[in-house]
Amino acid sequence: MAVSSVKLRTLYIMRILLEKTDERHVMSAADVGKALEGYGMSADRKTVYSDIETLNEFGMDIVQAKGTNGGYYIGSREFELPELKLLVDAVQASKFISRKKSKELIQKLEGLASEHDARQLQRNVFIYNRPKTGNETIYYNVDQIHAAILANRQIRYQYAEWTIEKTLKPRKGGAFYTVSPWALTWDNENYYLIAYDDNADSIRHYRVDKMQKASLTDRERTGKDKFRDFDLAELAKKTFSMYGGRDEKVTLRCGNELIGVVLDRFGTDVMIVPEEGGYFKAHILVAVSPQFFGWLTGIGDKMHIDGPEHVREEYRKHMERILSKYDGRDWKKDGCVV
């Protein structure tokens, strides 16, 4: 047999074992030889033994099961089945990944398991029916952002918003934004670019799926000093759904039953001060915004802002504006319809 054919035979045996075997599904040397026939090749048992030994020396974890129904199977893989299940669920849950791309990614993940285990990944979990974006430019945008970060360049793009006709329309009449990209993060089911804006002299974040016509510029990135001690985890703690707002040190007074809610949202390093009567105070750094007030309202009357007073007043006025929409006025006269 030609040297090239010998090499191909060994590679086909590797493919057969990777695709068809696992701890519950083994193949004897005879089984492997029969599977080789599907590739137009043949090998006796001694040849299969020799090739498997070569693959083991190469670093593959090929285990020999003893006994009447013994044989060979792949022991450890790059990704274990539970890890692949987590990745599949993450793809299915990701709103910013289109349905078409989700199927493509899951098929690629299935290729990392045996064909038997791959069937366990072909499952329609409940979250698969969540809304999926139809905008596949996000993959191009992510590639451009990574390229810009690697090349230390700013990026230029249009930023879009939804219209009442359910289409994405560029803001500011199609004007281009130019920013310095520093990081990408996933928050509240959306992908965000974290960047420095020279014009505003501040750190900003932008939905990647709303970016259009993204491209690299010849300008070097700015804002390095702003990002020297930047902490994405801290940003996620203090912002709600990635909506900005001014940073404030706020004290929340909460019922003891809400300790899990507070720790889940702000982390275990938050300062907690127990009080009498089944309450505690939590001292937090938060971006004060309507989204923060909405989160607070959703918790209910067992949590309220204890200070500072101007934030309490801002929250009270926020609630009054909402309640004014339910004061018995004719909404049709106001241009609104329930």
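Proline 308 lies in the loop between strand 12 (303-307) and helix 12, where helices (H or I, at least four residues) and strands (E, at least two) are DSSP runs numbered from the N terminus. The peptide bond that leads from glycine 307 into proline 308 is cis, with omega near 0°. The model is predicted, so local features need pLDDT of at least 70 and side-chain atom pairs count only at pLDDT 80 or more, while totals for chains, interfaces and linings use all residues. Residues are numbered from 1 along each chain as its sequence is written, and side-chain values use heavy atoms, with hydrogens and water left out.

Helix 12 (residues 309-323) packs on helix 11 (residues 290-299), their axes coming within 11 Å and crossing at roughly 80°. Axes here are lines fitted to C-alpha atoms, for helices over the stretch in contact, and angles run from 0 to 180 degrees between N-to-C directions. Helix 11 and helix 12 are therefore roughly perpendicular to each other; angles under 35 degrees count as roughly parallel, over 145 as roughly antiparallel, 65 to 115 as roughly perpendicular and the rest as oblique. In this pairing, Pro290, Phe293, Leu296 and Thr297 of helix 11 meet Val311, Glu314, Tyr315, His318 and Met319 of helix 12, a contact being defined by heavy atoms within 4.5 Å. The residues in the contact of helix 11 with helix 12 comprise six nonpolar, two polar and one charged. In this classification, Ala, Val, Leu, Ile, Met, Phe, Trp, Tyr, Cys and Pro count as nonpolar, Asp, Glu, Lys and Arg as charged, and the others, Gly among them, as polar.

Ala29, Ala30, Val32 and Gly33 of helix 2 make the contact with Arg45, Val48 and Tyr49 of helix 3. By class, five nonpolar, one polar and one charged residues take part in the contact of helix 2 with helix 3.

Helix 3 (residues 45-58) also contains aspartate 51. Aspartate 51 is buried, with a relative accessible area of 4%; buried means under 20% relative accessible area, exposed over 50%, and partly exposed in between (1.4 Å probe, protein chains only). Leaving aside neighbours within four places in sequence, aspartate 51 is in contact with Arg9, Thr10 and Ile13. One of these contacts is polar: the side chains of aspartate 51 and arginine 9 meet at 2.5 Å. A polar contact is a pair of N or O atoms within 3.5 Å; within protein, one must be able to donate a hydrogen and the other to accept it, and residues adjacent in sequence count only if both atoms are side-chain atoms. Aspartate 51 and leucine 11 are 40 residues apart in sequence, yet their C-alpha atoms are 9.0 Å apart in space.

Threonine 21 sits in the loop between helix 1 (3-20) and helix 2 (29-36). Its relative accessible area is 0%, and threonine 21 is therefore buried. The side chain of threonine 21 reaches the backbone oxygen of leucine 17 at 2.5 Å, and a polar atom of that side chain lies 3.1 Å from the backbone nitrogen of isoleucine 74. Not counting residues up to four places away in sequence, threonine 21 touches Ile16, Met27, Tyr72, Tyr73, Ile74, Arg77 and Ser114.

Two residues other than glycine have a positive phi. Asparagine 152, with phi near 60°, is placed in the loop between helix 7 (137-151) and strand 3 (153-162). Asparagine 152 counts as partly exposed because its relative accessibility is 29%. Lysine 213 has a phi of about 55° and belongs to strand 8 (residues 211-220). Lysine 213 is exposed, with a relative accessible area of 61%.Glycine 267 occupies the loop between helix 10 (259-266) and strand 10 (271-275). At 17% relative accessibility, glycine 267 counts as buried.

For the chain as a whole, there are twelve helices and twelve strands. Buried residues make up 38% of the 338 residues. Among contacts between residues at least 6 apart in sequence, 64% join residues at least 24 apart.
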